[in-house]
Amino acid sequence: MKNQVKTTLDKYLDDGWACAYENRIPEGWSSRDLAFLPILCGILFGGMGVFMAHDAAMEKVPFWSNPAVLFGIGLSFYCNFIGLAMFVGKWGWTALQMGALGICGITFYYSLSVASLTSTLLYGNAPLRTTLLIAALSLIWNGYWAYRTVQGCRAIWADELLRQRVWVNYRNAVVYRQFGAKAGIEQLGIKIHPNSSIMIFAIFLIAPLTYWHQDLSRLFGVSFVHVLLALFGQVVMVLGLVVTVLSFMLMIYYPLKIKHETGKPVLLDMVAPANAPIPNQSL
């Protein structure tokens with residue numbers, strides 16, 4: 001059994017086998033079949049976010065003059081462009097392509113929190129001090145998670161063994177191993193969302209606010225739904241921000257750095273296990 005396992009894992013050392021399209025991508029995962037995912041993000045979540053941003057503005061500003069609306073429209077166009085690119089041609093599934101797809105995840109955060117929060121702060125009736133306080137807390141919260149995620153990615157890159165297992169160097173290409181990256185994230189304790197205690201605390205903190213929903217609606221000048229999404233959504237949906245930062249750092253920023261330094265394309269491997277052997281070549 002041990003010899004059989006060793007033989008099965010050693011196939012990842014062969015350049016031709018490890019870099020072949022059919023051995024890196026799960027069976028049945030063609031780009032055309034999955035093109036609906038970014039289109040769904042763009043139309044459903046992007047469209048929902050645009051509606052929420054416009055509704056929270058309470059017609060105090062024209063539709064095309066609301067920056068929260070314009071951001072959502074741009075995000076929706078981006079997601080639909082990625083979906084169209086996936087449908088028109090069969091991707092080679094490079095790390096850059098998957099990173100571009102991963103960025104579409106920000107639509108969740110936009111539609112379920114950022115859209116309502118931005119328009120409420122820009123066009124709501126809350127006192128200036130209250131608006132500035134909420135804006136500052138939101139920037140600190142989002143900045144903390146973005147900074148923490150970036151530092152975690154830098155830690156993976158700085159660790160030579162982890163770096164070699166995430167971005168595996170072959171003769172003709174570098175292969176980004178998805179499960180290797182997941183193992184590195186777990187090994188370094190990188191959190192991709194608030195822990196359960198923070199979420200439970202947020203629920204207990206925000207739930208009583210429903211009792212004063214009419215007062216809060218008058219204070220901010222919007223319906224209570226927008227107030228709830230602006231507050232609760234920031235805690236729960238920050239996962240969308242973290243996934244976006246991870247996608248950019250691990251599959252766009254560092255692959256571009258690798259390609260610049262080595263001249264090799266960075267391919268995506270969604271199949272190789274985290275313990276698959278790596279060739280004796282370091283980046």
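This is a predicted model: local features need pLDDT of at least 70, side-chain atom pairs count only at pLDDT 80 or more; totals for chains, interfaces and linings use all residues.
## Around Trp167

Contact here means heavy atoms within 4.5 Å. Leaving aside residues up to four places away in sequence, Trp167 touches Ile156, Trp157, Val174, Val175, Tyr176, Leu250, Tyr254, Pro255, Ile258, Val266 and Leu283.

## The nonpolar cores

Trp167 also stands out in the largest nonpolar core, which has 52 residues: together with Met86, Trp93, Tyr176 and Leu250, it touches the most other members. Helix α14 supplies the largest share of this core, with 10 residues. Another core lies apart from it and has 11 residues, including Tyr12, Ala18, Tyr170 and Ala173.

## Where α8 meets α14

Helix α14 (residues 238-262) has a partner worth a look: its axis and that of helix α8 (residues 128-158) come within 9 Å, crossing at roughly 35°. The crossing is right-handed. On the α8 side, the contact is made by Trp141, Asn142, Trp145, Ala146, Thr149, Val150, Cys153, Arg154 and Trp157. From α14 come Val238, Leu241, Val242, Val245, Leu246, Met249, Leu250, Tyr254, Lys257 and Ile258.

What classes of residue make up the contact of α8 with α14? There are 15 nonpolar residues, two polar and two charged.

## A mostly covered helix

Now for helix α6 (residues 95-102), where six of the eight residues are buried. These are Ala95, Met98, Gly99, Ala100, Leu101 and Gly102. The buried residues of α6 pack against helices α4 (36-56), α5 (67-88) and α14, and against strands β2 (174-177) and β3 (266-269).

Methods:
Residues are numbered from 1 along each chain as its sequence is written. Side-chain values use heavy atoms; hydrogens and water are left out. Axes are lines fitted to C-alpha atoms, for helices over the stretch in contact, and angles run from 0 to 180 degrees between N-to-C directions. Helices (H or I, at least four residues) and strands (E, at least two) are DSSP runs, numbered from the N terminus. A crossing is left-handed if the near helix is turned anticlockwise from the far one by less than a right angle, and right-handed if clockwise. Ala, Val, Leu, Ile, Met, Phe, Trp, Tyr, Cys and Pro count as nonpolar, Asp, Glu, Lys and Arg as charged, and the others, Gly among them, as polar. A nonpolar core is a set of buried Ala, Val, Leu, Ile, Met, Phe, Trp, Tyr and Cys residues joined through side-chain atoms within 4.5 Å. Buried means under 20% relative accessible area, exposed over 50%, partly exposed in between (1.4 Å probe, protein chains only).
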